[in-house]
Amino acid sequence: MQQTISTEQAWHYHIIPKTIDDDEFVFYADEEKLISSYSDELEMLFGLTIKMIPSSSVLVNKTLSKYYRISHKNKRAETVNFGGGSSDDFVYKLITEADQLGSSDIHIEKYEERCRVRLRIDGKLLEKYVIPNEDYAALINKLKIKANLDIAEKRLPQDGRITFESSSAKFDIRVSLLPTLHGEKIVMRLLSKDATNIDINELGFDEKQLKDYLEGIKKPNGIILISGPTGSGKTTSLYATLKILNEEKSNIVTIEDPIEYTLEGINQVQLRENIGFTFPKALRAFLRQDPDIIMLGEIRDEETAHMAVKASLTGHLVLSTIHTNSAWGTISRLIDMGVEPYLLANALSLSIAQRLVGVLCTNCKEKQVLKESMYPSNYKAPEELQFHYVAEGCEQCYGTGYKGRKAVYEVIPIDLAFSEMIKNEKFDVRNELQEKGINLMKDNAFKLFKDGVTSLDEVYALLMSN
């Protein structure tokens, strides 16, 4: 049904096809943009009787954004003119559109000759709007006011928060303002998404990894650590886990900065370092709240690391994230932070590393011949491939060539043998991992590449890892 009208027609008339037969074509139509003449125009276009069903503007726009994505490959960003002070309308439209497109961040930035707005969709920035220089200051001031920032301060970075509410959604936005050479840049991160729809089976674990992971989180105590750089999906994995553990019999508390998801049944606490409410202080408070499960947004210092390990040894299940390059690298990182190896060996239940890779759009991905020279110079592929798929870009994937992202994992369950290696500070465990059938992240990345799920560009850096 989607293919019966073009993307241009769908957006021009703000319509979604419902049913079609020999005599009649039925559409859902945006009730705010529905014009009587549209039926006549569409009757001439399709030679059928047209029936319009007025529908919610929000639902129609969300459906259009999902199934009739406009290609940006050869499309210039739309120029916005505020005219009679309509920056408020533009801000509302921009945030609503970003939410409907599944964007994580909005970038508003000033250069010498132009100002632009970009949206981060599936990890990639797409230029969406161009703003006239003369309107840029008004837009920045409007956002400063909404985020309770000082509009007179233009020399220092500022951080604020906006609570956004529309007819279909309510969420928080973290606002970061940075003075640059030609003016102030604002980045807005859309937060507090509902975690009830996160499914651990859809994240990217293979069968063995999922089995090891689910066994690890069933333990009543211990520490489970997920490592990876910023934006690698660690928080999503944690909330998929909390969703499974979220039962009436358990008291779950979290401390985060910021709170990115909301989940009914768990007690979520916002970190506030500016008033001295830090991870260690929150953890001390948590231990007096009779917790069963504690989630720490991040282990970033020695004190937090020590307290997290001790909490896990005193009968609590602790979940957290840490910035390391591999699952086993987490062990050496914690030892460097001053955690005693014998304590860590007894506390650690699971060590996981993850990265995100773009999933190729199935509508436009293109099959090409693969040459050995395309791999990183230090990489030896486990098997020879004749072909691979590359990102092309079409209307359905917004011109990016990718539609969604999938996590690539490295999961190490800490058994007695691995505990002994931690006590002995043995950091090269590649042979042991191979013997136990535990794949490294680059092995799992290659499998996604081999299966045509992702492209060489997306896994290139992972293939280079040791």
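A search of the whole predicted structure finds 1 cavity of 30 Å³ or more. Residues are numbered from 1 along each chain as its sequence is written. In this predicted model, local features need pLDDT of at least 70, side-chain atom pairs count only at pLDDT 80 or more, totals for chains, interfaces and linings use all residues, and side-chain values use heavy atoms, with hydrogens and water left out.

Reader: Which helix gives the most to the lining of the largest cavity?
Author: A cavity is a set of points on a 1 Å grid over the protein atoms alone where a 1.4 Å probe fits but cannot get out, and lining residues have an atom within 4 Å of a point. α3 (57-67) and α4 (87-100) each supply at least two lining residues; helices are DSSP runs of H or I, at least four residues, and strands are runs of E, at least two, numbered from the N terminus. The most, 3 residues, comes from α4.

Reader: How many residues of α14 are buried?
Author: Buried means under 20% relative accessible area (1.4 Å probe, protein chains only). Among the buried residues of helix α14 (residues 441-450) are Met-441, Phe-446 and Phe-449. The helix is mostly covered, and of its 10 residues the buried number is 7.

Reader: What is the bridge partner of Arg-120 in β7?
Author: Strands β6 (residues 115-121) and β7 (residues 124-131) pair in the antiparallel sense over 7 bridges; two strands pair if DSSP finds at least two bridges between them. In β7, the partner of Arg-120 is Leu-125.

How values were computed. Buried < 20%, exposed > 50% of the residue type's maximum accessible area, 1.4 Å probe, protein only. 1 Å grid on protein atoms, 1.4 Å probe; cavity = no way out; pocket = protein on both sides within 12 Å on 5 of 7 lines; lining within 4 Å. Points joined across faces, edges and corners; volume = space filled by probe spheres on them.
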